[in-house]
Amino acid sequence: MADPRPRACQLVVAAAGYGKTTMLRRWFRPASTVWLHGTDIDTLIAGDLEKVTDAGDNLRVVVDDLPRLEPATADRLLAIVGGLPDGITVALTSRWPLGTATSRWRGRGRLAEVGPSDLALTTDQVVDLLTAEYGLPDPDLADRIHELTGGWPALVHLAAETLGPTGSPAGPLLPVITAPDGPLATYVTTEVLGPLPAEVNRLVRDVATLAPVSAGLCAALGHRRAATALHLLTGTGLLVPDPDGPTPGDRLVPVIAEIARRTGRRGATRRITTVAAAWYGEHGPPLAAARAYLRATDHERCVRVLEEHGDSVLAAGRPTEVAAIVEALPEERRTRRLRLLLGDAFRTAGDLPAAARTYDTVAAGEPAGDAGLAWRMGRVHYQRGNPLDALKVFAQGNEVPADADTAILLAWTAHAHLLAGDCATATGYAQRAVRHAADAGHDGALATAHVSVALCLGAAGDRARSEEQYARALPIAERTGDVVLVTRILINQSYHLICASRYAEALVLARRADRFAAAAGYPNLRNIASCNEADALSILGRYDEAVRRYGQVLARYERMGSRRSGAALLGLGEVYRRRGWREQARAAYEEAVRVGEAAGNANILVPALAGLALVILHEDLDTAARYAERAAREAAAEISVPALLARGWIAVRRADRTGAGTLATEAATIARAQRDRGGLADALELRAASEPVPVRARSALREAYAIWTDTGAVLEAARIRVILGGLPDATTDDRLDALIAVEELTAADAVPDHRAPVPGAADNGSGTGTEVSIRLLGRFEVQLGDRVVPASQWQSRKARDLLRIVATRRGRPVSRGVLCELLWPDDNADRTGHRLSVLLSIVRGVLDPDRAHPADHFLVADQASVALDVTRLRVDVEEFFAHVVHGRRLLDRGAAAEARTVLASAEREYRADVFEDEPYADWSAPLREEVRAAYLNMLRMLARASRAAGDPETAVACLLRLLEKDPYDEPAHRALVRTLVAGGQHGEARRALHRYAEAMRAIGVRPPDESILAPAGVGARTR
C-alpha cells in the first residue's frame, strides 16, 4: 500500500491479525515516527499527544492498539488529533470502531480510514505467500484458503501452518484448518471471539450457519441491538461482503463461522433454523430460503423454492450449494425439474461426469427428442472440448415446439459448429436461435442466442456487428441477474480485444471476467477467462505471469477431465516461441496438436500446427513444411493467418522470396479485414524478410514496430528493433538501439535469436548468410556454419590477434592507437596505421568470404576506433555470461529447478579458460578474469541449487571444481564440509575439513574447529 497523503489522522480499524501495525511500520519510517501505546487512553489524552507538537514538522505519531472507547472519549481524542498542526500526521489503530465520532472529521477531509478490506490479502498475494513461505504452490489451494479466510492475513498463515508441507487434504478443507485444538481455532477463540461483548458473541453464534446476514434477520432472531452489533462486526472484518452470493449481502468469514458454530447453543439451534427459514422465505434470497427450509426439514417448501427459482439461483452463482441442497433432499422429493437442476449445478461447477450421470438418469425414463435434455447432455461434451460429440447429441433434440429450450439448443449447436471450425453453418444456427427465442419470449434464451450470433460474427471478422449483438445480450443478462451469461459476454469481449490487439484493455476485461466466473462458481468459464488474461499478459511481455496463469488453467482442466486445455497449451507454446525457448514451445505445441486432433477443434489445431512449423524451422525444414501445409488444409478463411505466416517463413528459408511475399500479402489482407493488428505486424515482418531491397524491408519493419509499440507489446517491439539493427543499411544508431533491445529481451528471460531471418541479405536462403561463431573458451576458433576457418585462410597471425583483441572488449570500441600498440608494441605509430587497415580487411574477408554484407557488418570501424558487433554473430563467452545471469535471476525468483538446468548448461559450455592457447597475452587477462569470476560464481550457485534440490553429489562436484580453481575460497570449503555431512559422508567430510584447515594455515587464517562437522541444527558439545 502506498504512503498516504498527509492527514491529521489515519484511522486503521480491524480485528486482531489483520496486520495493522505491520502496515504502519511499512508506511512510516522509524526515524521520523513516535510510537505510543493506546491502552492508557487517559494519559494519552491528558498530554502525550500534545507534547509531540514541539518536535517540529513532518512528524508522524502512531498510537497503537486503542481500547474500545466510549463515544465521548473517542470524540475528544479526535478533536485533539484534528487540532494538531498540519505538518504532523497521527495514525490510530484499534480493534474497535470509533463509532459516530469519525463522521465529522471525515467530512472535513481531516481523517483517512483504512479497514479490513484494505488490509486483506488478494488471491494472488495468498498464492505468493503460500508458495514462498510454506512451499504450497497449488493455486486452487490458495483460492480455497482465500475464500475461507477472506484474505485475513493471520488466518491465512495459521491455515498454512495447519496444513504443513502436505498441502491440500483429500477431503473438505474447512474442518481440517479449523480443527478444535488447532492453532487457527485457538487463535480465533482467544484473540477474535473472546474479546467481543457477550451480546455480540451471542449474535455471532446465532448467525454462524446463516447467510446473508442482515439487521432484519438478526432482529427476527431476537437481537434488539442488531444494528450496533453488525456495525462492530463489519468494521472489524468478521462480517464481510458476500459478492459470490446470489444477491448482495454480508456473511461471517467462513472460518469464523465454523468455529462459532461449534460453540453455539444447542437448544436454540432448532428455533434459529425455523425462524430464519420463515424470514428468508418472506424476504429472500431464494438460495438462503431453500437452505434454511432444508435444515428445518420443511422439504415441501424447499422443493417449491428450487423449482420456482432454481435456474435464476444457478445463473447467479453457487452451483455447489445448489447441488448439495438437491442431493440432501429425500429421493422421493426430487422431481424431474430438480434432477435437471442437479445436473445443471454439476455441469456449472465443472463436475462433468456427475452431470452426465444425472442427465442419463433422467433420459433413461423418457423418449428421445426432448430439446431441453439434448442441449444439456450435449453441453457436457462441449465443455469437455469435444464439439463433434456435442453435435451428435444436439442433433437428437426436436425443434418442435419452438420454445425456449429449442432456442437454447440451436444456440449451442452454433457454438459447437464454431468450435469445430465451421463458421458459416454456425451462423445459420445462431440466427435461427434468435428467431425461436424471440417467438418464445424467453429472456435467457434470447440473450444466449444473441451471444451465439456475436461469436459467429466475431469469428468471421465482423467485430462491429458482433459488438452490437453483445450490446443486446448484456442488458438482458444484467437485468435477469444471470452472472454466468454476463461472464460469457465479458470473456468474449476480452477475446475480441485481444484479436484487435488492444491488449491492455483485454487484460482489464479478462480479469473482470475471471472475478465474475469465480462468483458464478463456473470453473470452465474461469479457465477461459484466465486463458484470455494469460494471452494478454504474454503479448505484453509479462511472460512469467502468463506461464503461471496457463499452468493454473491446465491444472484445473486436468482435474475436470476436459480437453478444453488446448487453448492453454497453445498459449504456452506461443509464450515459449516468442521467448525463444524452442524446446518447451515444441512440447506445448505438440500437445496442443494432439488435443486439437482428438477434439476436432480447428481453432486449436491450425495455430498449433503453424507454431510447431515455426519452432522446428531451423532444424528440420521438410517436416516444418509438412506441418505448415497441413495447417493450411485445416484452416477456414477466418483462421488462416497463422498457416499463411508459417508457409511464408518456410518459403523464406527456401530462398523463395516471391512466394514468401505473396503469402505475406495474403496474410496482411486477411489480418486487416479482421482488424487483427498483431497478425498484421507479423505479416509485415514476413514481408520484410521476403524483400530483396533493404529500404523496403526497413519500411515494413518500421510499420510492424509502430504497431507493436502502439499496442503495448514492448518485447515484440524490442525484437523488431534487433532485426532493424541487423539490416545491411543499418545506421550506427540502429545498431546501438538493437544492443539495447537485446538487453531488454534478456532482462525478460527472452532469447534474442540472432539466427532469425535478416531481410535484404543475398545468402543461402536462410536470410542471414552463413552463421558466424567465435569461440574464445579454450582454443580460439572462428566457425562459418559447420566449418572451422583453417589457419591458412587467415594469411597473418596478427589478423587473428586483431579479432581476438576486439572480441575481448565484448562490443565496446577499441581505439586504433591501443590496437597498434598491442599488435606492434615496438614499431613506430606512423607505420602501423596502414598495417591495421590491412588486417581489418583480412578479418572482414574471413568473417564474410562471399562479401554478402557491407564492410562494417561485423567489424564497425571509423577513424578513431574499431568494435566487434556481437549482435551479428555468436560468441561463446557472451552466451556463457547470459546463461549465468539468467541462472542468477531464476534463483533470486525461487525457481531453483529451472536455475539448475540453466546453470548446468553454462557449466558444460565452460570448456576451459578464455584463450587457453594465449595464456600470457596481456590483452587477454581482463576478459579471462571476468569469465573466470563468472564461472566460480556459477559453480557456487549451481552447488546451492543442487543442495536445495536434494542432489548433494552435484553440489559436491561443483564445490570441488570451485576449489580446484581457488583453493583458498573459505565459503566453498565450509559449504563442501557441510554438504558432505548432510549427505552422511562423514569420512569425506573429515578429509575435506583437513584440506580446509591446511589451506587456511597457508594464508595465515585461523583454521576451523571440528564443530563444523556437527549435523545441521546440532551445536558443539558443552565443556
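In which crossing, left-handed or right-handed, does H19 pass H20?

Good morning. This is a predicted model, in which local features need pLDDT of at least 70, side-chain atom pairs count only at pLDDT 80 or more, and totals for chains, interfaces and linings use all residues. Residues are numbered from 1 along each chain as its sequence is written, and side-chain values use heavy atoms, with hydrogens and water left out.

I begin with the whole protein. It has 49 helices and 14 strands; helices (H or I, at least four residues) and strands (E, at least two) are DSSP runs, numbered from the N terminus. Along the principal axes, the C-alpha atoms fill a box of roughly 105 × 85 × 65 Å. Of the 1023 residues, 53% count as buried. Here buried means under 20% relative accessible area, exposed means over 50%, and partly exposed lies in between, with a 1.4 Å probe and protein chains only. As for contacts, meaning heavy atoms within 4.5 Å, consider those between residues at least 6 apart in sequence: 64% of them join residues at least 24 apart.

I now return to the opening question. H19 passes H20 in a left-handed crossing. A crossing is left-handed if the near helix is turned anticlockwise from the far one by less than a right angle, and right-handed if clockwise. Two packed helices are described by the angle between their axes and the distance between the axes. Helix H19 covers residues 336-349 and helix H20 covers residues 352-364; they pack at about 160°, with axes 7 Å apart. The axes are lines fitted to C-alpha atoms, for helices over the stretch in contact, and angles run from 0 to 180 degrees between N-to-C directions. H19 and H20 are therefore roughly antiparallel to each other, since angles over 145 degrees count as roughly antiparallel, under 35 as roughly parallel, 65 to 115 as roughly perpendicular and the rest as oblique. By class, their contact has eight nonpolar, two polar and four charged residues. Ala, Val, Leu, Ile, Met, Phe, Trp, Tyr, Cys and Pro count as nonpolar, Asp, Glu, Lys and Arg as charged, and the others, Gly among them, as polar.

A second pair of helices is H46 (residues 925-948) and H47 (residues 952-965), which pack at about 155° with axes 8 Å apart. H46 and H47 are therefore roughly antiparallel to each other, and H46 passes H47 in a left-handed crossing. Among the residues making this contact are Tyr935 and Leu939 of H46, and Cys958 and Leu962 of H47. The residues of the contact divide into nine nonpolar, two polar and five charged.

Let us turn to the strands. Strands of a sheet pair through backbone hydrogen bonds, either parallel or antiparallel. Two strands pair here if DSSP finds at least two bridges between them. What is the order of the open sheet of three strands? The order is E11-E13-E12, with antiparallel pairing. Its edge strands, E11 (814-815) and E12 (859-861), each pair on one side only. Three bridges join E12 to E13 (residues 865-868), and Ala861 has Val866 in E13 as its bridge partner. Helix H41 (residues 797-808) lies across E11, E12 and E13, at about 80° to E13.

E8 and E9 form a hairpin with five residues between them, and Gly778 in the turn has a positive phi of about 85°. With strand E14 (residues 874-875), E8 pairs in the parallel sense over two bridges. Ser773 has Gln783 as its bridge partner in E9 and Arg874 as its bridge partner in E14.

Leaving aside neighbours within four places in sequence, Glu533 is in contact with Leu507, Ala510, Arg511 and Arg549. Ser452 lies in helix H25 (residues 443-459) and counts as buried at 1% relative accessibility. With the neighbours within four places in sequence again set aside, Ser452 is in contact with Ala411, Ala414, His415 and Ala430. Arg991, in helix H49 (residues 986-1002), is partly exposed, with a relative accessible area of 46%. Arg991 and Val176 are 815 residues apart in sequence and 49 Å apart in space, C-alpha to C-alpha. Thank you for your attention.
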